Amino acid sequence: MIDIQRAGLLTTVQDLGRTRQREFGVASGGALDPLACAVANRLVGNAPNTATLEITMGTCVMRFTSATLVALTGADCHADLDGTPVWSWWRFPVAKGQTLTLRPSRFGMRTYLAVAGGIDVPETLGSRSTDLNGGFGGFEGRALHDGDRIAIGHPSATARKAEPLGVRPPLWLSDPLAHRVRVLPGPEYDDFTSVTHKSFWENPWQVTPNSNRMGYRLSGPEPLARKKNRMHDLLSHGVLPGVVQVPPSGQPIILLADAQTTGGYPKIGTVISADLWRLGQARLGSTLYFSECTAAEAREALREQLRYLEQIERALAWHDRGILSTPKVAAITRKRT
């Protein structure tokens, strides 16, 4: 079990979401930084879609009632285990009775804690993710509270013997590039004026406090305007995480994992799948920039992300088998000194 002594701002159980339920009006849900979630699971020997804890802005304290192997990825929350610092993007053993403390991060928004064997909660509609709006999934369909006790799975024999080891993140969250996301022009892109197109691509967009897991409401220097002959209403249509909608205010909304399945606002663009993790790490009040992308570039970006995950999996397998390091392994793993 994990005893949640301090749950923090928003800590929920999340995996990679419900992939086959949108036709029934059920949100995809899942980790807002799916890349960090998948890496955390790989570090402790879990399948990529195993349930983890998504911890928003740190300030979380938990005690483990049994020995296990854990990993932290995503935002670095300056964690310590019984006072001894532990790194983000690392796996490390936890002994029975030890306490893990996470603090607010300087960069990034969400940290992922994976435990060997996974977070043991019931599967609902094909996922263990928490749907906060629907009130189902995860742990009782809600965010964790102080005093909750969370069951965890049993670590494998390999996980019990694993030594501390880290991997390189895809991009340090302090890097300005972490705030630039690639966007495909949307179906209604041509409904907007040329001035709006220029504004959309060149201006900074601030993530407003009126944002949540459903979507980021952005604020820019000027509203995004449609052409006068394209001001007609749209029928409600299917939408996905990453879609950039423009409501009558002209200030865009980026839909996230918990967003509704249909909408009627014009879609000026869609953030590519490979960059959804960057949105998950964008803090309230931070600034985003959009870069125009082609479908071919979006596919290559996704392939590059998959190669990164495959490199990690291969490097960890080589390391755990005791095979000597190669330049490829050294390039992806990090040993603490």
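Colleague: Hi! Quick one on Phe200: buried or exposed?
Modeller: Phe200 counts as buried, because its relative accessibility is 0%. Bear in mind that this is a predicted model.

Colleague: And Phe290, buried or exposed?
Modeller: Phe290 is buried too, at 1% relative accessibility.

Colleague: Why do you call the rings of Phe200 and Phe290 a stacked pair?
Modeller: Their centres are 4.6 Å apart and their planes meet at 25°, so the pair is stacked. The two lie 90 residues apart in the chain, with Phe200 in helix α3 (residues 194-202) and Phe290 in strand β21 (residues 287-292).

Colleague: Which cluster do ring pairs build there?
Modeller: They link Tyr189, Phe200, Trp201 and Phe290. Phe290 also contacts residues beyond its sequence neighbours, including Arg180, Val183, Leu218 and Ile254.

Colleague: OK, how many residues are in the largest nonpolar core?
Modeller: That core has 51 residues, and Phe200 and Phe290 are among those with the most contacts inside it. Its largest share, seven residues, comes from helix α1 (residues 34-43). Domain 1 (2-172 + 309-321) and domain 2 (180-293) each supply at least three residues. Another core, apart from this one, has 28 residues, among them Ile55 and Phe64.

Colleague: Changing topic, where is Ser249?
Modeller: Ser249 sits in the loop between β17 (243-245) and β18 (253-255). It is partly exposed, with a relative accessible area of 48%.

Colleague: What does the side chain of Ser249 reach?
Modeller: It reaches the backbone nitrogen of Gln251, at 3.3 Å.

Terms used
Residues numbered from 1 in each chain as written. Predicted model: local features only at pLDDT ≥ 70, side-chain atom pairs only at ≥ 80, totals over all residues. Heavy atoms only, no water. Helix = DSSP H or I, 4+ residues; strand = E, 2+ residues; numbered from the N terminus. Buried < 20%, exposed > 50% of the residue type's maximum accessible area, 1.4 Å probe, protein only. Polar contact = N/O pair within 3.5 Å; in protein donor to acceptor, adjacent residues only side chain to side chain. Core = buried A, V, L, I, M, F, W, Y, C linked by side-chain atoms within 4.5 Å. Domains from an automatic or database assignment. Contact = heavy atoms within 4.5 Å. Phe/Tyr/Trp six-rings, centres within 6.5 Å; stacked < 30°, edge-to-face > 60°. Lists of a residue's contacts leave out its neighbours within four places in sequence.
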